[in-house]
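Here is a friendly briefing to read alongside the sequence and the model. It covers side-chain packing and a pair of backbone angles.

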Amino acid sequence: MKRSRINAILREAQEMIRSYGFTLPPFANWTPDEFRARAPEAARIIDARLGWDVTDYGGGDFDRMGLFLFTLRNGLLSDLQKGQGMCYAEKLLISKQDQLSPMHRHTVKAEDIINRGGATLIVELYGSDDAGAFAEDRGGTVWCDGIRRDFAPGDKLRFAPGESVTLMPGDWHAFWGEGGDVLVGEVSTVNDDETDNTFRDDIGRFSQIEEDEDPLHLLVSDYDARLGRS
């Protein structure tokens with residue numbers, strides 16, 4: 001993706017988020033220079049990978065297959081492994097009309113996907129086989145706002161604003177907006193996008209960036225290279 005396109009997506013996302021009365025944390029407004037200057041005090045932000053995230057899954061066509069995300073809070077995997085401490089995470093996502101977030105599952109993370117506002121959110125579901133692989137012939141069970149719901153393989157569940165679905169590790173899912181863009185909330189156990197996403201197809205979680213202009217804000221995928229962290 002070109003950095004200029006990413007910058008435009010961030011500006012559009014800020015407008016949509018504000019339109020729903022949601023205010024991002026102060027570090028969301030930091031310039032890259034301010035982030036570099038404040039990196040020592042922002043160590044937890046960097047280590048937990050809080051902040052801006054845009055991906056086209058390496059496909060080169062963000063409008064067809066892509067996602068905007070902002071990680072608001074996130075614990076550490078070590079806390080989750082101990083079973084105590086900050087074992088949770090929260091994100092905001094924007095799923096644009098007909099923009100696919102492709103079929104994938106998580107090994108560790110359980111998550112609530114919540115329609116926070118906008119159009120209808122479509123979530124397509126499949127079950128796993130005994131090894132956790134995508135199973136075209138298996139369904140399963142999810143909870144939708146506390147109500148049990150069985151799904152057949154390939155069912156497309158529809159969620160209006162205020163409605164949500166709870167997905168457990170191994171639940172294969174894809175989602176997109178229908179009839180317009182959707183502001184999506186995600187509340188989950190600790191999130192690790194570098195290791196805990198398994199895609200059905202041979203795609204990547206993060207995009208390769210063509211630096212045709214300076215970044216408006218740093219993405220989480222920029223932290224290591226631009227802040228000297230590894």
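Leaving out neighbours within four places in sequence, Phe35 is in contact (heavy atoms within 4.5 Å) with Trp30, Ala42, Ile45, Ile46, Leu218, Tyr223 and Leu227. This is a predicted model, in which local features need pLDDT of at least 70 and side-chain atom pairs count only at pLDDT 80 or more, while totals for chains, interfaces and linings use all residues. Residues are numbered from 1 along each chain as its sequence is written, and side-chain values use heavy atoms, with hydrogens and water left out.

**Nonpolar cores**

- A nonpolar core is a set of buried Ala, Val, Leu, Ile, Met, Phe, Trp, Tyr and Cys residues joined through side-chain atoms within 4.5 Å; buried means under 20% relative accessible area, exposed over 50%, and partly exposed in between (1.4 Å probe, protein chains only).
- The largest nonpolar core has 32 residues, and Phe35, Val54 and Phe68 touch the most other members.
- Two or more residues of this core come from each of helix 1 (3–19), helix 3 (43–47), strand 1 (51–55), strand 2 (67–74), strand 3 (88–95) and helix 5 (223–227).
- Helix 1 contributes the most, with six residues.
- Helices (H or I, at least four residues) and strands (E, at least two) are DSSP runs, numbered from the N terminus.
- Another core, of 21 residues, lies apart from this one and includes Leu93, Ile113, Ala119 and Leu125.

**Positive phi angles**

- Arg49 is partly exposed, because its relative accessibility is 23%.
- Tyr57, in the loop between strand 1 and strand 2, also is not a glycine and has a positive phi near 55°.
- Tyr57 counts as buried because its relative accessible area is 5%.
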